[in-house]
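We will go stop by stop.

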Amino acid sequence: MTSPFALRTMFRGTRTFMTDREAVQAKPFDWRQFGITAATVAGVVVGLEALFNRDTRDPLSPAERSLLNDTFKYTGTGLALTALAARQLFKSGYAFRIMAANPWIVLGVSLVGSIGTMMGTFWTPPEKSFQKHLFWLGFNACQAATLSPLFFLNPALLTRAALYTVGVVGAISYVGATAKNDKYLALGGPLLAGITVVALSSLAPMVLPMGMRALAISESISLYGGLAVFGGFILFDTQKILQHARLAEQGQMKADPVNESISLELDMINIFIRIVQILAMQQNRKK
């Protein structure tokens with residue numbers, strides 16, 4: 001999750017909806033840029049596949065394919081609902097109150113809401129479909145509330161970031177799905193250590209007095225280290241979904257695409273936020 005400090009840092013030096021109307025006016029869609037991005041993503045897929053998956057696995061079983069497809073359907077639906085809800089919260093003025101509030105209060109409320117609804121989703125069995133989907137919708141609503149200030153930025157920038165995120169996640173997921181069984185599940189420990197470092201670097205500016213150089217180092221760890229860590233989590237979570245599908249096929253657990261989708265949603269949201277930050281920083285340097 002991204003801290004309120006990171007959101008405030010992202011908007012430092014940018015124009016807002018209230019101060020300059022140009023900040024939220026979309027530019028014409030750049031098909032040339034889109035073509036370059038698509039070609040780059042295709043190249044990344046081929047490169048990652050050649051680098052990491054020299055020994056590929058057998059084709060996915062029907063159970064693996066079914067759970068993987070259902071999980072990505074829930075992930076896509078959840079992200080779409082989150083984006084729509086975030087947009088509505090921004091239009092209602094909720095984002096202004098978030099930006100003006102005490103960051104510790106925002107962080108505490110967002111963590112309690114997100115973790116509470118996420119745990120409710122995890123602990124509710126698939127048989128209780130209505131209750132489980134209510135918790136799932138609540139989880140997406142909490143993400144929307146936290147992400148609503150992003151709409152202060154130019155919609156063209158957010159669209160580019162979304163395209164880049166889909167490309168990155170698609171490429172890494174493909175590598176994870178075609179790798180040998182359980183090849184990347186051993187990444188769990190290092191990724192947990194990495195996410196701890198990223199979280200501490202995000203919170204450090206809120207707790208410790210830091211000079212400009214230390215602040216820049218902390219932000220770089222949170223930004224670029226976070227990209228690497230959450231990219232690794234995409235690999236890990238993709239293979240975990242396939243492992244759970246095999247266990248469900250053997251009757252050792254129940255397939256639950258809703259639970260699986262939450263991990264992927266968090267990975268994608270964190271990758272998206274960091275790509276938005278990088279693009280916003282590049283835009284600020286050009287001013």
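Which residues in H3 meet which residues in H10? Keep in mind that this is a predicted model. Select helix H3, residues 62-91, and helix H10, residues 257-285. On the H3 side, pick out Leu67, Asp70, Thr71, Phe72, Tyr74, Thr75, Gly78, Leu79 and Thr82. On the H10 side, pick Pro257, Val258, Glu260, Ser261, Leu264, Glu265, Met268 and Ile269. By class, this contact holds 9 nonpolar, 5 polar and 3 charged residues.

Now look at the axes. H3 and H10 pack at an angle of about 55 degrees, with their axes 8 Å apart. The two helices are therefore oblique to each other. H3 passes H10 in a right-handed crossing.

Next, the salt bridges. The count is 4. Select Glu64 and Arg246: their closest N and O atoms are 2.9 Å apart. Glu64 lies in helix H3 and Arg246 in helix H9 (residues 212-249), so this pair ties together parts that are 182 residues apart in sequence. Both Glu64 and Arg246 are buried.

Move to Glu127 and Lys254. Their side chains meet in a salt bridge, 2.3 Å from N to O. Glu127 sits in the loop between helix H5 (103-123) and helix H6 (129-147), while Lys254 sits in the loop between H9 and H10. Buried or exposed, Glu127 and Lys254? Both are exposed.

Last stop: Lys240 and Asp237. Their salt bridge has its closest N and O atoms 3.6 Å apart. Both residues lie in helix H9, 3 residues apart, about one turn of the helix. Lys240 is buried, with a relative accessible area of 19%. Asp237, at 4% relative accessibility, also counts as buried.

Notes
Residues are numbered from 1 along each chain as its sequence is written. This is a predicted model: local features need pLDDT of at least 70, side-chain atom pairs count only at pLDDT 80 or more; totals for chains, interfaces and linings use all residues. Side-chain values use heavy atoms; hydrogens and water are left out. Axes are lines fitted to C-alpha atoms, for helices over the stretch in contact, and angles run from 0 to 180 degrees between N-to-C directions. Helices (H or I, at least four residues) and strands (E, at least two) are DSSP runs, numbered from the N terminus. Angles under 35 degrees count as roughly parallel, over 145 as roughly antiparallel, 65 to 115 as roughly perpendicular and the rest as oblique. A crossing is left-handed if the near helix is turned anticlockwise from the far one by less than a right angle, and right-handed if clockwise. Contact means heavy atoms within 4.5 Å. Ala, Val, Leu, Ile, Met, Phe, Trp, Tyr, Cys and Pro count as nonpolar, Asp, Glu, Lys and Arg as charged, and the others, Gly among them, as polar. Buried means under 20% relative accessible area, exposed over 50%, partly exposed in between (1.4 Å probe, protein chains only).
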